[in-house]
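This report describes a protein model together with its ligand. Please consult the sequence and the structure shown below while reading.

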Amino acid sequence: MLDTLKRSELLRTLNFIDGRWCRPATGRELAVLDPASLEAVAHVADSAAADARAALDAAHAAFPAWRERTGRERAQLLKKWHALIVAHQEDLARIVSAEQGKPLAEARGEVLYGASYVEWFAEEATRTHGDLIPEPVRGKKLMAVKEPVGVVAAITPWNFPLAMIARKLAPALAAGCTVVAKPAEDTPLTAAALVALAEEAGFPAGSINLVLASRERTPEVVDVWLADPRVRKITFTGSTPVGKHLARASADTLKKLSLELGGNAPFIVFEDADIDAAVEGLMVSKFRNGGQTCVCPNRVYVHSAVHDRFVDKLASRVGALKVGPASDPASQIGPMINGRAVEKIDRHVRDAVARGARAVTGGRVLREPEVAGRGHYFAPTVLVGATPQMELSCEETFGPVVPVFRFDGEDEVVRLANDTPFGLAAYFYSRDAARIWRVADRLEAGIVGINEGALAAEAAPFGGVKESGYGREGSRHGLDDYQHVKYLCQGGLK
Ligand code: SIN
């Protein structure tokens, strides 16, 4: 897929530090695999502590001049970057698909989704208003102004290799922060291509620095940033255990944190729901990126009165999904990111079946010749008879599996939905207005979909509660997370 890029120079394999593409201090390389074929599509820098330090030195040196620019000046660069991302949608989508595996149509959508955050924060850069506070005593003026926090370390996941880094870098830069970034080892090429376009847009040297590293060397890179007081904020999307580690390890220097962590989203279908709409909403929310999305429904609760009707309709839609490599335009579900991912999905399904669930469709690993290539595939699956004792009820499956639980009452299902340490997204379908407000109020989640499966948008605050983390991405709240408030008090005015 990468041999058809219109601009092959978007394929970058080195670190980007202080405005230069440079080899890692280790001289080592890391192979980037196509998850559909398991063949290497590129070899990129595998960095170490020295590279992380050099990136941080550059970001720290660039900060004073970058924060001095006006919001409008920063916005102009972000707008140029946005225009370049949109202009290179096709090349970027091919890079996303090649290293992440999602079907090309979905990758194109991800490029525009990521670009929308860059555009949004370009606009927000000019609106970082403070407050003029009515003085409590005569002769004083009280003001609150917003300032960039300083150098930001962004650590991003593999599931949305473009959108996740875009929605961290764009608000950081808009706020006046400089950045050191480390993308996931599975998907460094997209991040590097995005940074190449930022370079082309004209961001000054040191404002954006990118360090690539393997899973093994990532702790060495990130530990430099965690320990150094010059890093004032960590923004991370990934697992809850890693998020907790980052929170603990940054405590000594009291960094600001945005943690977008694991989910275990409930999806509730009440007896008064529009069943066709609920099936459609579930298809959209569950099968995005093959189920490898933090906000994917992980537990589907269906009222007994509509259970069988819902399951029949759902199973016929899920059974018809086409599984295959991103290179096949017919594919709707691509390979899972790696072997470990498929092992976990398979473990969850086997555990559920052993405890009494039944696969209405799917339920197994797919291999050649059923699918092309050596990639790790799992058949889109609907399981009925799911119970809270099953592993898939407690842990995020992160794959194309829908476990269906029966319920009979509103209080019961709200209790079940909230019975998890996580609280990222929750969804429910109902046509009863009073119930809608009651349930929306009682669900413990940062994001709630009401008769809607597609929730993410640049204008909306994205983030969780409980062990799904804190901080928000997107919306005006997404900019606040990269700023602090300074209170100014001027006296002697009588
Ligand atoms: C995620 O999976 O972490 C993000 C998904 C989204 O932006 O909707």
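## Basis of the model

The model is predicted: local features need pLDDT of at least 70, side-chain atom pairs count only at pLDDT 80 or more, and totals for chains, interfaces and linings use all residues. Residues are numbered from 1 along each chain as its sequence is written, and side-chain values use heavy atoms, with hydrogens and water left out.

## Overall fold

The protein contains 15 helices and 24 strands (DSSP runs numbered from the N terminus, H or I of at least four residues for helices and E of at least two for strands). Its radius of gyration is 23 Å, close to the 23 Å that the globule rule gives for 494 residues, so the protein is as compact as a globular protein of that length. The radius is taken over C-alpha atoms, and the rule is 2.2 Å times the number of residues to the power 0.38. The C-alpha trace spans about 70 × 60 × 40 Å along its principal axes.

## Ligand site

Around the ligand are 13 residues, of which Tyr113, Arg167, Glu260, Arg288 and Cys294 come nearest (a residue is near if one of its heavy atoms lies within 4 Å).

Oxygen atoms of the ligand lie 3.1 Å from a side-chain N or O atom of asparagine 159, 3.1 Å from a polar side-chain atom of glutamate 260, and 2.8 Å from a polar backbone atom of cysteine 294. The protein covers 100% of the 260 Å² of accessible area that the ligand has on its own (Shrake-Rupley method, 1.4 Å probe).

## Backbone features

The peptide bond from glutamate 368 to proline 369 is cis, with omega near 5°. Proline 369 belongs to the loop between strand S15 (365–366) and strand S16 (377–378).

Leucine 38, although not a glycine, has a positive phi of about 65°. This leucine 38 is found in the loop between strand S3 (29–33) and strand S4 (40–45).

Terms used. Polar contact = N/O pair within 3.5 Å; in protein donor to acceptor, adjacent residues only side chain to side chain.
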